[in-house]
Amino acid sequence: MDGGSTPIPPFAEEALALLQDTIDDSSGIEEQSALEALEAEGFSTADAREALEVLEMRGYLYRVENQLRITD
């Protein structure tokens with residue numbers, strides 16, 4: 001690995017872009033609220049859950065207590 005970020009599928013990139021506009025940098029967002037935000041933009045429940053899982057597993061999102069936050 002060259003130290004760059006881990007690539008993610010296009011649907012996860014789209015979800016990340018939507019979440020960047022939704023997540024408050026100081027306090028994050030609850031997972032349910034993140035799912036609802038993605039569903040409001042046309043993601044199915046299953047796709048929204050998959051996107052959050054991919055983003056967390058690849059290090060684009062992380063958890064602090066019950067809040068999801070975007071990795072800087």
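Buried means under 20% relative accessible area, exposed means over 50%, and partly exposed is in between, using a 1.4 Å probe and protein chains only. By that scale Glu-65 counts as exposed, because its relative accessibility is 74%.

Before we go further, a word on where the values come from. This is a predicted model, in which local features need pLDDT of at least 70 and side-chain atom pairs count only at pLDDT 80 or more, while totals for chains, interfaces and linings use all residues. Residues are numbered from 1 along each chain as its sequence is written, and side-chain values use heavy atoms, with hydrogens and water left out.

**The α1 and α3 pair**

Helices (H or I, at least four residues) and strands (E, at least two) are DSSP runs, numbered from the N terminus. Let us start with two of the helices. The axes of α1 (residues 10-22) and α3 (residues 45-57) come within 9 Å and cross at roughly 85 degrees. Here an axis is a line fitted to C-alpha atoms, for helices over the stretch in contact, and angles run from 0 to 180 degrees between N-to-C directions. The two helices are therefore roughly perpendicular to each other; the classes are roughly parallel under 35 degrees, roughly antiparallel over 145, roughly perpendicular from 65 to 115, and oblique for the rest.

Who makes the contact (heavy atoms within 4.5 Å)? On the α1 side there are Phe-11, Ala-12, Ala-15, Leu-16 and Leu-19, and on the α3 side Asp-47, Glu-50, Ala-51, Leu-52, Val-54 and Leu-55. By class, this contact has nine nonpolar, no polar and two charged residues. For that count, Ala, Val, Leu, Ile, Met, Phe, Trp, Tyr, Cys and Pro are nonpolar, Asp, Glu, Lys and Arg are charged, and the others, Gly among them, are polar.

Each helix also has a span close to expectation, where the expected span is 1.5 Å times one less than the number of residues. α1 has 13 residues and reaches 19 Å from its first C-alpha to its last, against 18 Å expected. α3 has 13 residues too and reaches 18 Å, with 18 Å expected.

**Buried sides of the helices**

| Helix | Buried residues | Arc around the axis |
|---|---|---|
| α1 | Ala-12, Ala-15, Leu-16, Leu-19 | 105 degrees |
| α3 | Ala-48, Ala-51, Leu-52, Val-54, Leu-55 | 165 degrees |
| α2 | Ala-34, Leu-35, Leu-38 | 100 degrees |

What covers the buried residues of α1 includes α2 (31-40), α3, β2 (61-64) and β3 (67-70).

For α3, the buried residues pack against α1, α2, β2 and β3, while Ala-46 and Met-57 are exposed on the other side. The buried residues of α2 pack against α1, β1, α3 and β3.

Phe-11 is found in helix α1 and counts as partly exposed, because its relative accessibility is 29%. Not counting residues up to four places away in sequence, Phe-11 touches Phe-43, Asp-47, Glu-50, Ala-51 and Val-54. With Val-54 the separation is 43 residues in sequence and 9.9 Å in space, C-alpha to C-alpha.

Is Ile-29 buried or exposed? At 9% relative accessibility, Ile-29 counts as buried, and this residue lies in strand β1 (residues 29-30). Leaving out residues up to four places away in sequence, Ile-29 touches Thr-22, Ile-23, Ala-34, Asn-66, Gln-67 and Leu-68.

Most residues other than glycine have a negative phi. Glu-65 has a positive phi of about 55 degrees although it is not a glycine, and its place is the loop between β2 and β3.

Two glycines also have a positive phi. Gly-42 follows α2, with phi near 105 degrees, and Gly-59 follows α3, with phi near 90 degrees. Gly-59 sits in the loop between α3 and β2 and is partly exposed, with a relative accessible area of 36%. From Gly-59 to Phe-11 the C-alpha distance is 16 Å, and the two are 48 residues apart in sequence.

Methods: Contact means heavy atoms within 4.5 Å. The arc is that of the directions from the helix axis to the C-beta atoms.
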